Amino acid sequence: MEPGEGSAPQTRQVLLFFVFLSGSLGRSEMWSYSVSEETEIGSFVANIIKDMGSGVEDLAARGARVLFDENKPYLWLDLQTGNLLVKEQLDREALCGFTEPCTLHFQVLLENPLQFFQAELSIKDINDNTPMFPDKHIVLKISEGTIPGTSFQMDSAQDLDVGVNGIQNYTISPNLHFHLKLQDSAEGRKYPELVLDQSLDREKEPEISLILKALDGGSPPRSGTTLIRVVVLDINDNMPEFEKTTYAVQVAENSPVGSLVIKVSATDLDTGINGELSYSFSRMSRDVQKTFTIHPISGELHLKALLDFELIQSYTINIQATDGGGLSGKSVIIVQVVDTNDNPPEISMTSFTSPIPENSSPEMVVAVFRIRDQDAGDNGKVVCSIQEDLPFILKPTFKNFYTLTTERALDRETRAEYNITVTVVDLGTPRLKTEHNISVQISDVNDNAPTFTQVSYTLFVRENNSPALHIGTISATDRDAGTNALITYSLLPPRDPQLALASLVSINADNGQLFALRALDYEALRAFEFRVGATDRGSPALSSEAPVRVLVLDANDNAPFVLYPLQNASAPCTELVPRAAEAGYLVSKVVAVDGDAGQNAWLSYQLLKATEPGLFSVWAHNGEVRTARLLGERDAPRHRLLVQVRDNGEPPLSASVTLHVLLVDGFSQPYLPLPEVAPERAQADSLTVYLVIALASVSSLFLFSVLVLVGVRLCRRGREAWPGHGSVPEGHFPGHLVDISGTETLSQFYQYEVCLTGGPGTRNFNFLKSTAPNHQEAANNTEEHSTFVNGLGYN
């Protein structure tokens with residue numbers, strides 16, 4: 001029974017009194033069948049379909065089975081026909097002894113739903129045992145003074161059969177002195193008495209031999225014989241007498257072998273040998289013979305074997321005291337066996353289901369078992385329980401059967417196995433306990449979706465990577481088990497339809513490893529996002545997804561590109577500087593860009609070579625070419641400067657540009673082409689002209705393409721950075737470098753407006769105009785310089 005609220009016991013207990021329970025699980029009617037003992041195995045006994053009231057198809061579907069109280073498979077049930085068949089030969093004498101009728105009780109159990117039917121099997125006796133006397137030779141001493149009509153009780157023969165097949169008659173061989181008389185014992189059995197017909201004369205006939213035959217009532221009848229040797233003695237006229245005609249004694253069943261049961265005593269008034277008494281059993285049964293022994297002199301009755309209350313509860317022992325003259329007196333000892341709690345409860349598992357799914361409904365039957373205690377009274381009453389902290393409950397069902405059912409919902413992820421201990425304790429003294437362990441496995445149901453180890457993933461890949469590069473691993477776990485926990489990874493369609501995700505990355509469906517399919521270009525694609533899905537293999541399948549962001553890291557793969565002065569023009573770029581210019585005069589500005597980002601785009605300028613060292617200098621951080629000192633009359637009029645532009649990458653990349661400077665006294669002096677150029681043109685033939693034209697055309701086309709590309713990138717970066725989002729690296733910016741990433745193409749001190757057109761043999765250039773207030777005077781000088789150059793007619 002389940003404990004009520006607030007009750008002291010913490011264990012759910014059920015008290016079993018081995019009585020038949022009534023209800024929907026068991027039928028009250030009793031099915032009765034019979035079969036003869038020694039029937040061959042496989043013989044038909046009965047068909048239960050009619051008694052059960054359902055179709056034969058229910059037998060297999062509901063797991064019908066036959067259960068005997070002794071847990072022995074005497075019969076088996078054919079689930080296809082409903083026939084009860086003999087499973088092993090039945091020996092009525094071994095099963096029931098002398099008990100009549102011999103009935104075996106069994107149950108027919110059906111599951112889903114659980115149902116019991118009570119039945120009994122009657123074992124019919126056949127005449128398969130021959131009567132047997134305890135002794136093959138019997139010595140009977142009779143005094144010659146015995147008067148006719150005196151009877152002498154003989155040991156009865158034993159026949160294990162019962163009823164009509166038991167002993168029905170005794171006969172004795174023909175003689176002149178005795179005849180046979182049959183008597184009925186208290187147990188209802190017949191025993192013979194030898195009656196003296198005429199007086200004996202020891203001198204004429206000292207011994208008489210008789211044959212006693214026992215006949216049963218079988219067909220054909222069986223018989224057994226014993227030889228009676230009658231020894232004629234001298235006269236003994238007093239018979240022994242016991243103190244009591246009936247002795248009653250109680251003996252505990254756990255008494256050890258050799259224990260004294262009782263001591264009996266008899267007296268004889270004769271003297272001499274006729275007064276000497278000897279005690280012995282009379283009409284001794286097989287059970288008495290193997291269990292007790294009596295001392296022939298003292299009359300003490302001792303245990304010869306252990307008692308078992310569960311087998312035999314009482315013994316009736318016939319004893320006799322015989323004197324030396326052959327006379328005997330009789331008495332009866334009734335031994336009552338007292339039960340002790342010597343049998344622990346027995347647990348017999350009838351049905352067990354494991355594993356069970358974790359989504360099983362409450363009150364699902366997990367196990368059906370039977371409890372039995374062979375003791376009697378309180379020693380046979382039991383209490384059944386399981387642990388308290390389990391989602392299971394015990395319920396009594398029918399007779400001594402219990403069911404173990406689920407009490408609430410199960411969760412395999414919380415606990416995948418339950419070790420249940422069924423404890424049965426009887427109420428005897430001392431109490432005996434039996435435990436039976438049951439391991440119930442919980443099978444998995446796909447009720448958990450995969451879970452990613454991170455909410456989102458950020459991966460970093462350096463540009464110019466090798467194809468099929470492993471860039472990271474996406475991992476997810478599933479709390480389920482087996483195939484329900486196997487995860488397949490996949491790339492989900494990107495939300496941006498313009499993103500060609502299939503050409504960028506791939507994922508290993510088994511382990512979530514991500515691979516870059518091609519080399520990435522930071523300048524073309526700096527970052528992209530996509531989603532990864534994780535799907536288990538359960539039914540139905542469950543899935544989840546996680547966002548992944550891939551950031552492309554810049555590599556120094558772009559050398560600085562010089563925008564001014566142009567290096568592919570047909571004529572060299574010449575800058576005019578008045579000789580009256582002061583130190584620090586702005587001669588020109590080298591403008592360069594770098595397609596990389598961060599420190600890879602930080603540019604520095606350096607004057608590598610000059611016609612006259614020390615006359616000009618290049619500012620390292622902005623590329624401005626200025627005079628280092630005052631110009632003199634001795635300074636050469638023409639100067640050639642080689643300027644190197646270098647980035648801050650690893651390894652650093654660089655580009656160089658040549659700048660021509662012409663010193664003039666005033667802007668009114670005409671400027672002629674450099675002498676080294678004119679001879680070359682004069683000497684060029686027609687083929688050279690064609691080559692120059694072709695080279696100029698290709699250079700112009702290339703310059704135009706570069707300008708368009710640079711303009712598009714500048715516009716794109718301008719839109720990305722406005723407002724306040726320019727890709728200016730954080731942290732310390734080296735003073736000798738210029739960052740040209742994003743929209744800040746030139747230095748942070750100057751911004752210049754550059755207009756370049758590419759055409760064969762022509763070049764228009766507007767001098768760089770500073771926008772800084774503190775350089776306004778330098779800007780004015782630059783505008784005058786520009787007007788002077790244009791006035792000379794050199795484009």
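In the predicted model, a hairpin of six residues connects strand β31 to strand β32. The two strands, β31 and β32 (residues 433-443), run antiparallel and are joined by nine bridges. Within this pairing, T421 is placed opposite N437 of β32. Strand β31 also pairs with strand β28 (residues 382-385), again in the antiparallel sense, over four bridges. Here V383 stands opposite V425 of β31. Of the ten residues of β31 (residues 417-426), eight are buried, so the strand is largely enclosed by the rest of the structure.

Aromatic contacts were examined next. A pair of aromatic rings is described by the distance of the centres and the angle of the planes. Twelve aromatic pairs are present in the structure. One of them is formed by W31 and F117, which are stacked, with 4.9 Å from centre to centre and 20° between the planes. Because W31 belongs to strand β2 (residues 26-36) and F117 to strand β8 (residues 115-124), this pair ties together parts that are 86 residues apart in sequence. W31 and F117 are both buried.

The charged end of R283 is positioned over the ring of Y191, at 4.5 Å from the ring centre. R626 lies over the face of W619, and the distance to the ring centre is 4.6 Å.

The second largest pocket contains about 1,100 Å³ of space. Its lining comprises 40 residues, and those nearest the centre of the pocket are L140, Q320, T322, G326 and S328. Several strands contribute to this lining: β9 (137-143), β10 (151-153), β20 (277-281), β23 (314-323) and β24 (328-338) supply at least two residues each. The largest share is that of β9, with six residues. Sorted by class, the lining of the second largest pocket consists of 17 polar, 15 nonpolar and eight charged residues.

Key: Residues numbered from 1 in each chain as written. Predicted model: local features only at pLDDT ≥ 70, side-chain atom pairs only at ≥ 80, totals over all residues. Heavy atoms only, no water. Phe/Tyr/Trp six-rings, centres within 6.5 Å; stacked < 30°, edge-to-face > 60°. Buried < 20%, exposed > 50% of the residue type's maximum accessible area, 1.4 Å probe, protein only. Lys NZ or Arg CZ within 6 Å of the ring centre and 35° of its normal. Pairing = 2+ DSSP bridges. 1 Å grid on protein atoms, 1.4 Å probe; cavity = no way out; pocket = protein on both sides within 12 Å on 5 of 7 lines; lining within 4 Å. Points joined across faces, edges and corners; volume = space filled by probe spheres on them. Nonpolar A, V, L, I, M, F, W, Y, C, P; charged D, E, K, R; others polar.
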